[in-house]
Amino acid sequence: MHPTPDNPSGPAEMPSTRPALLLSMGPGIVDRLLDARHRTRLAALARTDPDLVAHELADPPPAIAAALADAEVLLTCWGAPPLTARVLDAAPRLRAVIHAAGSVKHHVTDACWERGLAVTSAAAANALPVAEYTLAAILLANKRVLHSAHRYRALRGPHDWQRELAGAGNYHRTVGVIGASRIGRRVIELLRPFDLRVLLHDPYVGAAEAARLGARPVPLGTLCADSDVVTVHAPQLPATRHTLGARELALMPDGATLINTARGSLVDEAALLPELLTGRLNAVLDVTDPEPPPADSPLYDLPNVLLTPHVAGSLGSELHRLADHALDALERYAHGLPFTDPVRPEHLHHSA
């Protein structure tokens with residue numbers, strides 16, 4: 001017996017064998033996720049074929065179907081197929097899903113919770129690079145680095161930068177954080193060493209908790225009006241669509257910067273574009289709506305916009321952090337211990 005949402009304390013005795021495990025994720029992901037060290041550790045913890053990866057589970061080929069029927073654990077990542085009731089019927093031994101990425105909403109269905117599967121994800125590990133990207137963007141935005149780089153390229157000679165950038169700098173600036181998600185909380189934590197004031201808007205966080213985080217809770221309008229940089233870290237939900245619309249963007253001070261590393265739908269891009277085209281606001285956008293933007297979008301060419309192709313999350317070597325996190329969870333499972341970071345279905349309605 002292994003830990004489940006209804007049995008968080010785990011079993012009383014250690015398992016005598018390694019659990020059977022099946023890898024399930026999009027094509028090409030496993031080779032970027034698992035290096036030789038991870039494959040060695042995976043083989044020590046579970047009975048699995050690291051070269052057998054399920055890209056499709058609804059109508060799998062015979063080898064995948066056999067592995068699914070025997071699997072006690074699924075190790076998933078980006079591109080994992082949905083775990084529907086039909087798929088679970090073909091996986092009678094399945095007890096746990098370990099997701100080596102952030103949100104599980106794309107593949108963990110209601111049927112998984114109804115079957116009592118234990119689920120965990122590497123959302124905490126995936127939050128770190130996003131928060132680091134955001135920290136860098138905040139510090140560079142307040143220094144007006146994008147502006148000065150473009151101007152320097154144009155002028156190509158001596159210039160009174162102290163005069164032109166007299167309003168720049170990170171001393172006693174205000175950063176507004178929208179959403180005390182894992183990433184939002186990590187951003188606030190990373191901002192602590194700096195001489196910055198941090199405002200927070202999150203309907204689920206009260207004054208005492210915000211103070212413990214190191215931020216002052218304020219209404220969304222106040223945050224927009226009082227912040228030199230506004231950074232978005234709320235989950236993509238029906239209720240959060242266009243959290244930043246024309247009204248909120250109009251409240252932002254001239255020269256302020258909007259950073260979005262969450263989801264493009266949280267910002268009303270039709271309302272944002274006029275603010276960017278006039279140069280009144282600046283933006284650092286790692287996500288857009290749609291994504292990528294159309295080829296003729298002004299976002300590609302505006303000098304006051306830093307546009308990146310959804311790279312704030314785990315990339316390159318950072319995928320190995322996700323693998324380490326997932327294998328730590330697998331090790332706990334193999335030893336009959338509960339997951340340290342379980343995903344609970346009741347939390348998904350207000351999280352990513």
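Angles under 35 degrees count as roughly parallel, over 145 as roughly antiparallel, 65 to 115 as roughly perpendicular and the rest as oblique. The structure is a predicted model, in which local features need pLDDT of at least 70, side-chain atom pairs count only at pLDDT 80 or more, and totals for chains, interfaces and linings use all residues. Residues are numbered from 1 along each chain as its sequence is written, and side-chain values use heavy atoms, with hydrogens and water left out.

Helices (H or I, at least four residues) and strands (E, at least two) are DSSP runs, numbered from the N terminus. Axes are lines fitted to C-alpha atoms, for helices over the stretch in contact, and angles run from 0 to 180 degrees between N-to-C directions. Helix α6 (residues 123-142) and helix α9 (residues 182-191) have axes that come within 8 Å and cross at roughly 50°. The two helices, α6 and α9, are therefore oblique to each other. Their crossing is right-handed; this term applies if the near helix is turned clockwise from the far one by less than a right angle, and left-handed if anticlockwise.

Contact means heavy atoms within 4.5 Å. On the α6 side, the residues that meet α9 include Ala123, Leu128, Glu132 and Ile138. On the α9 side, Arg182, Ile183, Arg186, Val187, Leu190 and Leu191 take part. The residues of this contact of α6 with α9 divide into twelve nonpolar, one polar and three charged. Here Ala, Val, Leu, Ile, Met, Phe, Trp, Tyr, Cys and Pro count as nonpolar, Asp, Glu, Lys and Arg as charged, and the others, Gly among them, as polar.

Helix α2 (residues 36-45) packs with helix α14 (residues 319-334) at an angle of about 10°. Their axes are 10 Å apart. The pair α2 and α14 is therefore roughly parallel. The crossing of α2 past α14 is left-handed. From α2, the contact draws on Arg37, His38, Arg41, Leu42 and Leu45. From α14, the contributors include His320, Asp324, Leu327 and Glu331. By class, the contact of α2 with α14 has six nonpolar, two polar and five charged residues.

A search of the whole structure finds two aromatic pairs. Rings of Phe, Tyr and Trp (its six-membered ring) pair if their centres lie within 6.5 Å; planes under 30 degrees apart count as stacked, over 60 as edge-to-face and the rest as tilted. Tyr152 and Trp161 are edge-to-face, at 5.8 Å centre to centre and 85° between the planes. Tyr333 and Phe339 are stacked, at 6.3 Å centre to centre and 25° between the planes. Buried means under 20% relative accessible area, exposed over 50%, partly exposed in between (1.4 Å probe, protein chains only). Both Tyr333 and Phe339 are buried. Tyr152 counts as exposed, at 53% relative accessibility, and Trp161 is partly exposed at 22%.

Individual residues were also examined. Thr76 lies in strand β3 (residues 73-76) and is buried at 1% relative accessibility. Leaving aside neighbours within four places in sequence, its contacts include Ser24, Val97, His99 and His107. Leu196 lies in strand β7 (residues 196-201) and is buried, with a relative accessible area of 14%. Leu196 and Arg173 are 23 residues apart in sequence and 5.2 Å apart in space, C-alpha to C-alpha.
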